[in-house]
Amino acid sequence: MSLDDVLQAKKATPTLPDAQTVTSVTHYTDRLFSFRCTRPQSLRFRSGEFVMIGLMGDNGKPLLRAYSIASPSWDEELEFYSIKVPDGPLTSRLQHIQPGDPIILRPKPVGTLVLDALLPGERLWMLATGTGIAPFASLLRDPETWEKYQQVIVMHTCREVAELTYGRNLIEALQDDPLIGELVEGKILYYPATTREPSENMGRVTDNLLSGKVFADLGIAPLDPAIDRAMVCGSLGFNKDIKAILEESGLREGANSAPAEYVVEKAFVD
Ligand code: A2P
């Protein structure tokens, strides 16, 4: 091995703070799973942000993808919610991780799906498809969300009923959470829906907003930029279509540097 090779190998090997350990794994469907891992003591993040995580590739280089942190900022571990893509370079391997396995985590959280990027408001809409529920799993368990808003409306749409399980379990557990159970009481409206399998609520988030069905079903007033704030996380097509609806309703896109009425993030791994 030449000196160059040695230096190259050193570069590719994650330094100690980047190696974490998987603590639990839960599979929901043949396409979806979640896992928890240890958290670097130095890692501080805002609920809703994402980090790069992954595994060591066969070529000795880290194979990393952006993942929203699904656990709240106060949790001593980190949680992630992932799709399994059969031929996906990372998720085809990541889906087989077991407790005790190492995982690489770059401790540099970033993202726009944060409470700071929104102006004060009364109702907070969390609009998600598929694994786009992950950042909301973090925000829903953050006391700040409940202190800042009088009502939180979660619209999550998946193709099939089983794909709603992760979000449904999380929302059902909120009421019993010792930290935020009391804060949540009477403030959450949950609107799960499917598009390709019959369930109580059918239809895309976009269609249910445009037709007014969601407002009628939940018995609430339509979107109003004076009181409504929204966070959006789904596929590129979903994000684009939702943005158009929100803009049409008078909401403007915000950012960390210029808070406004809504923020958008792509659900990363696909
Ligand atoms: P549909 O079944 O009508 O395509 P996916 O698994 O493809 O990411 O989709 C997850 C969910 O997001 C599905 O219910 C899908 O509905 C919905 N969806 C996909 N694209 C859009 C879009 N542009 N607007 C609204 N919903 C969408």
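**Entry 1: the domains**

I started with the division of the chain, which gives domain 1 (3-110) and domain 2 (115-264); such bounds come from an automatic or database domain assignment. I am reading a predicted model, where local features need pLDDT of at least 70, side-chain atom pairs count only at pLDDT 80 or more, and totals for chains, interfaces and linings use all residues. Residues are numbered from 1 along each chain as its sequence is written, and side-chain values use heavy atoms, with hydrogens and water left out.

I looked up the distance between the centres of domain 1 and domain 2, taken over C-alpha atoms, and found 26 Å. Domain 1 brings 20 residues to the contact and domain 2 brings 21, where contact means heavy atoms within 4.5 Å.

**Entry 2: the interface**

Between domain 1 and domain 2, about 1600 Å² is buried, and carbon and sulfur atoms give 57% of that area. Buried area here is the accessible area (1.4 Å probe) that two parts lose on being put together, summed over both.

Next I checked for salt bridges (a side-chain nitrogen of Lys or Arg within 4 Å of a carboxyl oxygen of Asp or Glu). The rule finds three across the interface of domain 1 and domain 2. I also noted that Arg 46 forms a salt bridge with Asp 116, with the closest N and O atoms 2.9 Å apart.

In one of them, Glu 163 meets Arg 31 at 2.8 Å, N to O. These two are 132 residues apart: Glu 163 lies in the loop between β8 (151-158) and α5 (165-174), and Arg 31 in the loop between β1 (19-27) and β2. Helices (H or I, at least four residues) and strands (E, at least two) are DSSP runs, numbered from the N terminus.

Is Glu 163 buried or exposed? I found Glu 163 buried, at 7% relative accessible area, while Arg 31 is partly exposed at 31%. Buried means under 20% relative accessible area, exposed over 50%, and partly exposed in between (1.4 Å probe, protein chains only).

I then turned to Arg 36 and Glu 77, whose side chains meet in a salt bridge (3.0 Å, N to O). Arg 36 sits in strand β2 and Glu 77 in strand β5, 41 residues apart. Arg 36 counts as buried at 19%, and Glu 77 is partly exposed at 21%.

Which residues are linked with Arg 36 in a network of salt bridges? I wrote down Asp 75, Glu 77, Glu 79 and Arg 141.
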